[in-house]
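Could you walk me through this protein in my viewer, one selection at a time? I am new to this and would like to know what to click and what is there.

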Amino acid sequence: MKKTLLCAAIVTLTFGFTSCKNTKQEPANDTEQKADSTVVVEEKAEPESEYKSLDLNCLNLRGHVSEVKTYNEKTPDNIDFIAFDEQGRLYKMTTYAFEGPVVVTFKYKDSTSFDGDFVNDQEEYCRQVLERDDQHRIIFYGTKGIVYGEGCQWKTREDGGWEDSTTFTVQQFDEQGNIVKETFEGCGEGMEWCGESTYEYLETDAQGNWTKRKCIEKISEYDFGEKPGKYDKYETIEIREIKYK
């Protein structure tokens, strides 16, 4: 079963208030004035917490993201890839063909449109899908589907391969809009499965996007038409490499 876990977005902005009081002071001597004139106040850069486009909001990515590569630490060659154009619209994504995962490209009609089509020189028999709802939110891309709750927050998501599909139901988010817990069920090739995944976020970048997380998965696999039996437990580390414009 192949999954790429991705999630919906909650932004928490913290405002700091500073008050000052005018006071009269004796003028400093020449030496002190010269020393004061050379003082440089270093300002710390605040993490960027804004979504720069609707698509980035839908995929819970803050800042001017251009590319994201997601993979399991143990299988770094199995990469899920997405990319965004200058307007922040999703235009490249991993999907599946007979030979395995491939990256396809969507070309928009113009710089403001959400309409367009996939370019023609793609892998034969690969799935080329980029669908939106009436609010222009992404509801299907590549082999992944999204059902939204409020705003751009995910309610359920679907992750499929060539002959299998798994539906995830989100149970809990953290304050950054990252999925903390979800349940899932799926089927493919005469088998069914169900279980639960929990996530611990280990590293984030300056924009607030996670770059490393631990996934603990409890899963039961059983023959089609039967009931779940024993649950096995797996622990994996997922990595995201994110590039910005």
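Predicted model: local features only at pLDDT ≥ 70, side-chain atom pairs only at ≥ 80, totals over all residues.

**Stop 1: the core.** Select Leu61, Ile82, Met93, Leu130 and Tyr141, which have the most contacts inside the largest nonpolar core, a group of 31 residues. Next, colour strand β4 (residues 100-108): with 4 residues, this strand gives the largest share of that core. Now zoom in on isoleucine 82. Leaving aside residues up to four places away in sequence, its contacts include Leu59, Val68, Leu90 and Lys92.

**Stop 2: charged pairs.** Side chains of opposite charge can pair when their charged atoms come close. There are 11 salt bridges in the structure. Select arginine 89 and aspartate 85, whose side chains form one at 2.9 Å, N to O; both residues are buried. Then try arginine 137 with aspartate 133, at 2.7 Å, N to O.

Move on to glutamate 196 and lysine 181, where the closest N and O atoms of the salt bridge are 3.7 Å apart. Glutamate 196 sits in strand β12 (residues 191-204) and lysine 181 in strand β11 (residues 179-188), so this pair ties together parts 15 residues apart in sequence.

**Stop 3: the surface.** Show Phe98, Tyr125 and Trp162 as a surface; they make a nonpolar patch of about 380 Å². Tyrosine 125 belongs to the loop between β5 (116-118) and β6 (130-132). Is tyrosine 125 buried or exposed? Its relative accessible area is 53%, so tyrosine 125 counts as exposed.

Methods:
Residues numbered from 1 in each chain as written. Heavy atoms only, no water. Patch = residues over 30% accessible without salt bridge, like charges linked within 9 Å, V, L, I, M, F, W, Y side chains within 5 Å. Areas by Shrake-Rupley, 256 points an atom, 1.4 Å probe, with all protein chains shown as cover. Salt bridge = Lys/Arg side-chain N within 4 Å of Asp/Glu carboxyl O. Helix = DSSP H or I, 4+ residues; strand = E, 2+ residues; numbered from the N terminus. Buried < 20%, exposed > 50% of the residue type's maximum accessible area, 1.4 Å probe, protein only. Core = buried A, V, L, I, M, F, W, Y, C linked by side-chain atoms within 4.5 Å. Contact = heavy atoms within 4.5 Å.
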